[in-house]
Each structure stands twice: as C-alpha cells, then as structure tokens.
Amino acid sequence: MSTAHLPEAVRIFGARVHNLRDIDVDVPLWSWVAITGLSGSGKSSLAMNVLYGEGYQRFLDGLSTYTRRRISQVERPDVDRIDFLPATLALRQRPPIPSRRSTVGTMTEVYNVLRLIYSRLGSHLCPTGFRLPPTLDTARKGYVDLPECGGRVELPGAESFAFDSFGACPRCGGLGTIEEIDDAALVPNEDLTIAGGAVAAWKLPLRDFQPQIAAQLGVRIDVPYRELTPEEKKIVLDGPATKRHVVVSTKSGRAAELNATYENARAAVRHSLTNTSSETTRDRLGRFFTLHTCPQCHGTRLRPEALTTLVDEKNIAETSALTLDELQPWAMGLPGRLPTGLSELAHRLTGEFLRTMTPLLTLGLGYLTLDRAGESLSTGERQRIQLTSTLQARSTGMLYVLDEPSIGLHPANVEGLRGVIRALVDNGNSVVMVDHDVDLLRWADHLIEMGPGAGRAGGTVVAQGTVEELARNADSVTGPYLSGRADTRARKQRPVHPGDDHLEITVGDYYTLHEVTVRVPLERLTLITGVSGSGKTSLVLDSLVPALSRQLAHQPLPSHVRELKSGGITRVVTVDSTPIGNNSRSTPATYSGAFDGIRALFAATPLAREKHWGAGRFSYNVKGGQCPTCTGLGEVSLDVQYLPDMTLTCPACHGARYNPETLEVRVDGLTIADVLNLTIVDAADRFADTPRIGPPVQALREVGLGYLCLGEPTPTLSGGEAQRMRLAGGLRSGQGHALYVFDEPTTGLHPRDVGTLLGVLDRLLRSGATIIAIDHDLDMIANADHVIDMGPGGGPAGGRVVATGTPRQIAKAPDSLTGRYLRHHQFD
C-alpha cells in the first residue's frame, strides 16, 4: 500500500486517562507498534482506552441517534485531541468463554461452509430409503422429482445441518450432552443420618422440614443413610409428592404447624433450578448434576435425518470429528472424488472451505476438530481463533489494537502469531500491540515504553524508537531484556530427589489425556508446560484440582480420574486473573481486609467516641457516613440521552466518598478519604505498627502492588494485578499442606515483574506451600524447581508427558519443544 500521501502517525495530545499524565505522543501508522513498560505503567490505558476508545466513539458518531441509543457505549477518553485516527478494531486480552452450544466450527466460518458442502454436494436419503446421488441440477433446485420416492422430495438445506436450529437433536437441543442428577451428590456422605444432614438437596432453602415428612413416610432418619433399606432410599430419592403436617420454627423462635408437600431429593433440586433466575443459584445447583453424552445423538448434536446425508462416504458428524490437519487434504482432494458435473461447484466450495481454515492452520491450531466444544478451549486457543476471524476479513486501512495477544501461547505458537501480525501490516493496516513477550517485541517496527514506574509513578513515555534504540536507551526498563543483558535468575532453586514426598494423579480418558500419571513434588515450584492444546489445563484445572477438592470433601473422584494420592495436601487454592469486584466499592483496602482496621482506627478517635460513631460510620457503603449524592462511589453517572453515559467526579464530595461530618474526624491529620488516597507504599510505612492495617497492606506491597492507592477500584486492575492481589492474602499465614495452583501467573507482567512474582512464590514455599503453575514464560520456567512438559504437540499429537525434571534437564530433552526454546533462551 502506497503511503506517499497518507499521514505517518496518529497524533495524540493531552491524554489523561487513568494514570496517563497529560501525555503527547505520535503512534506510527502502517507499521507494527508495540507498547511496553512495567505492569501498571499505562500501556493498556494508551492502547485500549485512548486509541481504541476514541476509535470506537468515532464509529458510533457515524450512526443514527436511534441506533446509538441501542448500543452499549463507554465514556469517551479524556484527551485534548487525536489526529489521523483510522477505523479501529480491538482484540481484547481474554476472549470470553463461549457458550455450551459453541464449537470450533461455529466460532469460525468453517462449519458454515461445511454445511453448504453437505447441502449442495451430498448424497441425500429420500424418505423411502432411496439414496440420491449428487447432481448439479439437484444442487441448483434444492429438490428432486422421483416417482419411487413419492413425487417431489425437498432436499436438506444448509440449515438442516445446523445444531442451533433445524438440525438440532430433539433430545439434547443441539448440545450433545444432557444433565442428569448425580445420586452421589444428593447424598455425599452416607455415614450421616438424614436428621444429621445426609441429604444435601434438603439443605436448599425452605426444605429443612422434609426429613420430618420422610419420617412420617416410614424412613428412619436417625440411622446412617447407608443402613437404610432399598425401599427407604427409594422414598428419599424418588418418593411421590404427598401432603403431611409438619412443625417448623419461625424467625421469632415460635413453633408453627404447616400442611406441607413432600419433595423427594431429586424433585428438590429440579424445582429449585426451575424456580430461580439467579445465575449464582444455578451455579450452586450445578454440583448436583453430571453431564452425560446424549443417548439419542451420541454427542453429534444433530437430529438423525441430518446424519443420513453423505459426502465422500462420511456424514457431517464424522467429517467434523476430523482434525483441521486431516480436513485440509480431504477438502483438496474432494472435487476429484465427486461426479464430473459437480467439479466447478465443488472447487468453489472447497476453495472457500480451505480459505476459512488456512488462518487456523497458520496459528498452529491444526490439531483441533470442528466439533471440539468451545468452552473446553484454553485461553490461548480462544485468542488465536479470535485472531483468525480478523485475518479472514482481509481489510485494509484499519488500526488493529491487540491487548497482549501472546497470552496463553507457547513460544512455538508465538511464531505463527508473528506471521499473522505481519500479514495484517502487509495488507495495508496498522497494528498497535500491548505485550511483554520479549521475543515478540523484537519483531516490532517501533516500540513505545511507558513508565518510568507503575501507577502514579508511571503514565509518561520514557522511551520510543526501534528495538535497537530501546536496547541502548539507559532510561528503558525493557532495554536490558531486549539486548539480553538482564539477569533473569530470580531465586535459588530447591532440589527434587526421587524419594521426596509428592502428590500423584492418574487421568484416564479426558480430551487429549489417556492414562497419564504425573507426580508433583511437595513444597516445590512445579511448572506445567507444553504447546497450546497439549493437555495442561485438562491435567491440572480439569482433573487435579477437582479431584483434590472432592477428595477433601469426602466425595467420589471425577469419573475420568483413575487414582489420586494427595501426599497430605489439606487445602487447594486456585489463583487466577479474573477481575475483582463489580464496581468502585471494591478496593485494595476492602479486598485485603485493611479497611476494617482503618475504620476501627477512626472509630477510636475522641471525636468519633463523643459522637457515638462506631466503625460502621466510616464505611462508604453505609448511609450514615457516605456522601448522599454519590452513595459512597465518589463518582456519578450522567445519562446524556443519545450519548454514552458520562462518569464524573461527584460534585458534592469531590471524590472523597464521605459526607462532610464524617470527614471532620482525623487521624494524624488525615481524614479517612485521605487515607484511602494513600499509595500502598505510603500506607505500609505509615501503619507499619498498626496490627489490623500494617500486615495486609505490607503483603500487597510485597507482591509488587505498592503503586496502587488503597481506595483504587479493583475492577480497573489488570489481570496480573488482580492475580497478585489474590496472592497477597496467602503471605500472611502459614501454608503447610496447602496447594496453590496458578493459571498463567505471568499474565500482564513485565519481565522485571516476573522476578518480583518469583520472590513472592518463594515466600509461600518457605511457609510450607506446594505450588503448581501453568505457564509459557521462559523466565518463569527457567526458575522452577521441577518442570512437567506435556506434548509433544497439541490435540491428538499431545496428551502425554514428554519430559520431567529440572529446567536444565528439560532443555536437554530431545523430544521437548519447550526444551528447545528454553535451551536457546537460557542455556546456550
């Protein structure tokens, strides 16, 4: 694309979003620009909130006022002016988890084209059982006149193969699975009596009187459940509804007599599910259900009629079960295996089929099948599928804003990502990428580094230029990592010996895993590595964590887990990077527990005691102390009709959250609003000797969050910041026999922040914890005590343990793809 007469850069003047400090910056166009810097330095604020935020608003400006009113809108970024901003599209950090109805085929365009292939090129079955060979005439008309079939026969269209509409299995509704109540979940502990709470379903709201009715029906409720007769158990699980008089206690403690209906354990669960609209309640009721393959469609999701059409002797379910790597040669050879008259149509349809599939293969997703459930995909797989739809659009002149596209990607997968980004630029687009992967940063045309620190200490452009220029820049924190000068060894590794205590799990058949056994040494940092789709998530999050949780709750292991030896683990803590809280009421002070101590400190002042104010007065969630205008939020939302709602600092309290009377109380000259405005570093120093405030705030400081304010809303935190905030709580107590499981803990972390994280993990290990982390970051892997590498590939080519041992041993393993990159990164 010729750029001779086009602007060379997007020009930003006076950006003040989040911690951006009124910055002016030029972002080059028609090239690959990477924004880097420490976690919390303002990278995403510049890329997502300023560039994409303004681009999105300009798109909305082109719509009618009626249409804009019906579209979800966000506040326009606080910026003086932005010049030469192209049409903008963003790919966010973590794509949402698809619904149960989604598959790899439906998340892309591939299945849509496959449905057309079966509709137009398939051999259909008429109602009398006569098979109709495919012809160009039938493909064109959509029907055929055959006396032997009773006259005119309408042939199935593409919608007939859609499991979200006409083609859906009538039993499961196109889901491929059905939910059934699990008897073991209804009575999880048969050693308990019914009077003692054996029937978990009768612990649901408004069902505590059911044991009384069961007793009247002849069920013994004072003996262990396992000693009941089959007839008694049948009454508990499936007994008919019948009226009985029961006595219940009211809230005042009085006895009341009711004419109540008996609800067996299964009915209690079903009725609770039917009568609730709360997603939280539905999730809680989920523990009573297990998923089973639909007995009618056998997991294909389709009605029987859809499976009678054949292409190349396969029905559409059989073709969808092939991997993308297998589908490519199948599609290329298909026209030659069909009647000659269909050759032109077959070439057009298979050509489109291959076109939609090629980006998936480029990004290393060839191991996936079209029928793979979308909800079973890893973050990296969802991210890459999202990228493929962008590449297929073949747009030009666009600005693509990518928020950490390397999340969840193995170094081998990053190579494919690199090719996709370069293709976007070569097509005449501009790419702005926020990322920390040093190898990916080295391929960018231009770098912008934010900093110099994080939070209030960030928000400015500290360096800008080519990779070579940043590598030489003394002000750049990223430069030493780009040049290879930085020392990435952050901890002294603990040796692992064959006889050490360990936990052990054996997984039977589960996605790519087949009879896999792994051992995890206790009180060590173990990294689970491997390419995307190799079985890491299936092994740890879908097998080990639920198995341990069930074993600790004295419940049966998941059906796919053959054996589990816990090694004495008594507690499982899963730490992820999902957002904390839903609104600005959630802050580091409230989440850490320090706010309780802060409120108690203010309640103990002479003025507060004189006014008889307790700690509740100093909560911005309580009417007594909160500002009545903003109800303690510190901000108000202004509905301006056809424009996006504007969020403004509260005009009454000016963001303080409290009413004037409450702010009259001071501690060491500070109001409670002043305290919430302190950074965590300042608060840790000021309250170091205050027991209920100092320790939780110091823990936040130690996980590298010292730049945040105590009153900063947690929903605005990055994924990495949310993860570290969750981790801080574990630093304040002993962790003996505890297992911490991290899902990509380096998400959103600059290489220097990875070193800080490793120091925190070391503290957990010293207090007796065992740590398992799924991660692709080579610095993180190189600092592990023990590595379990899955693979060697993804999908059917993965699912087994390729190598185990120290990072150096993994680097030497000939079959380990991780080892190859680790050797180049750390040990060459």
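## Open sheet

Six strands form an open sheet in the order β22-β25-β26-β20-β27-β28, with mixed pairing; strands are DSSP runs of E of at least two residues, helices are runs of H or I of at least four residues, and both are numbered from the N terminus. Two strands count as paired if DSSP finds at least two bridges between them. The edge strands, each pairing on one side only, are β22 (571–575) and β28 (800–805). From one strand to the next, the twist averages 20°.

Val573 has Tyr740 in β25 as its bridge partner.

## Basis of the model

The model is predicted: local features need pLDDT of at least 70 and side-chain atom pairs count only at pLDDT 80 or more, whereas totals for chains, interfaces and linings use all residues. Residues are numbered from 1 along each chain as its sequence is written, and side-chain values use heavy atoms, with hydrogens and water left out.

## Helix pair α12 and α13

Helix α12 (residues 324–333) and helix α13 (residues 343–362) have axes that come within 10 Å and cross at roughly 155° (axes are lines fitted to C-alpha atoms, for helices over the stretch in contact, and angles run from 0 to 180 degrees between N-to-C directions). Therefore α12 is roughly antiparallel to α13, a term for angles over 145 degrees.

Leu324, Asp325, Leu327, Gln328, Ala331 and Met332 in α12 contact Thr350, Phe353, Leu354, Met357, Leu360 and Leu361 in α13, contact meaning heavy atoms within 4.5 Å.

Terms used: Angles under 35 degrees count as roughly parallel, over 145 as roughly antiparallel, 65 to 115 as roughly perpendicular and the rest as oblique.
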